[in-house]
Amino acid sequence: MKVSFDATGEVVVITGGARGIGAALAQAVNAVGGTAVVFDVTPPADGVEYVEVDVADRGAVEAAVAGVLERYGRIDGLVAGAAVQPRSTVLAMDAAEWTRTLQVNLDGVVWTCQAVVPHMVARQSGSVVVFTSGMASTGFAGASAYTSSKAALVAFAKSLAVEVAGDRVRVNVVAPGVIDTEQFRSANAGADREHWHDTIGIGDADDVVGPLLFLLSDAAAMTGSVLTRERVFAKLTSFVE
């Protein structure tokens, strides 16, 4: 049986949706009848609703979510993808870099969930998807701040999933694998890029759209799960065909 995704009338907030995976998802949500609202510090492509938000700023996040609820009266999905990925070793990293990475990658997800999820709980419906990274479990030289934030997000999402499961709100995690985005290209040039290409391969942002739409849909009767592109995404990429 082939499943299709219909988001007619639904509103999905995507943090970090101006580029990469978030941008591809925003276009897909709009294409299947929904409304994608991107929270980012830079504007996305034309035709995508955008709110300028630094997710590390809790007050700005709360104001942006309140604006979406005032305009649409609902938020059906939240995809928390905003992240930064500085590259420096543990011994060379300064305090500002460490702090900023955790503020965006970890605190930003917490603040957005705290603003959005109570609305979902009140409606007894909603789906949250958080991005992690395979490097969170393996580590990676020069990326300790990034990997630490992504590892923490798995524990955070699983805890939130348990807390709101009785309210019919689902919280799942996606590890997209290595995706050819601007962030990846800026952080992985030369030998690093060759390493990823030769080991697990480099995917495209569109490879992740199907699994994300699946998790946002009612077809995903699951919560507290972690999906990885290498293991399951190949079976799900036809979801929106």
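Trainee: Which helix gives the most to the lining of the largest cavity?

Mentor: As a general idea, rolling a probe the size of a water molecule over the atoms shows where empty space is left. In this predicted model, helix α3 (residues 95–123) contributes four residues to the lining of the largest cavity, the most of any element.

Trainee: Which residues line the largest cavity?

Mentor: The lining consists of T15, V55, A80, G81, A82, V104, G108, V109 and T112. By class, five of the lining residues are nonpolar and four are polar, while none is charged.

Trainee: How much space lies in the largest cavity, and how many cavities of 30 Å³ or more does a search of the whole structure find?

Mentor: The largest cavity holds about 30 Å³ of space. A search of the whole structure finds one cavity of 30 Å³ or more.

Trainee: How is the second largest pocket to be described, and which residues are the closest to its centre?

Mentor: The second largest pocket contains about 240 Å³ of space. It is lined by 15 residues, of which S125, G126, R168, R170 and D218 are the closest to its centre. The lining of this pocket divides into seven charged, five polar and three nonpolar residues.

Trainee: Where is the pLDDT below 50?

Mentor: Where pLDDT is low, the predicted coordinates should not be read in detail. For the protein, the mean pLDDT is 85, and 80% of the residues reach 70 or more. Residues 231–241 have a pLDDT below 50. In the model, this stretch has 26 contacts beyond near neighbours in sequence.

Conventions: Residues are numbered from 1 along each chain as its sequence is written. This is a predicted model: local features need pLDDT of at least 70, side-chain atom pairs count only at pLDDT 80 or more; totals for chains, interfaces and linings use all residues. Side-chain values use heavy atoms; hydrogens and water are left out. On a 1 Å grid over the protein atoms alone, a cavity is a set of points where a 1.4 Å probe fits but cannot get out, and a pocket is an open set with protein on both sides within 12 Å along at least five of seven lines; lining residues have an atom within 4 Å of a point. Grid points are joined across faces, edges and corners, and a volume is the space filled by probe spheres set on the points. Ala, Val, Leu, Ile, Met, Phe, Trp, Tyr, Cys and Pro count as nonpolar, Asp, Glu, Lys and Arg as charged, and the others, Gly among them, as polar. Helices (H or I, at least four residues) and strands (E, at least two) are DSSP runs, numbered from the N terminus. pLDDT is the predictor's confidence in each residue, from 0 to 100. Contact means heavy atoms within 4.5 Å.
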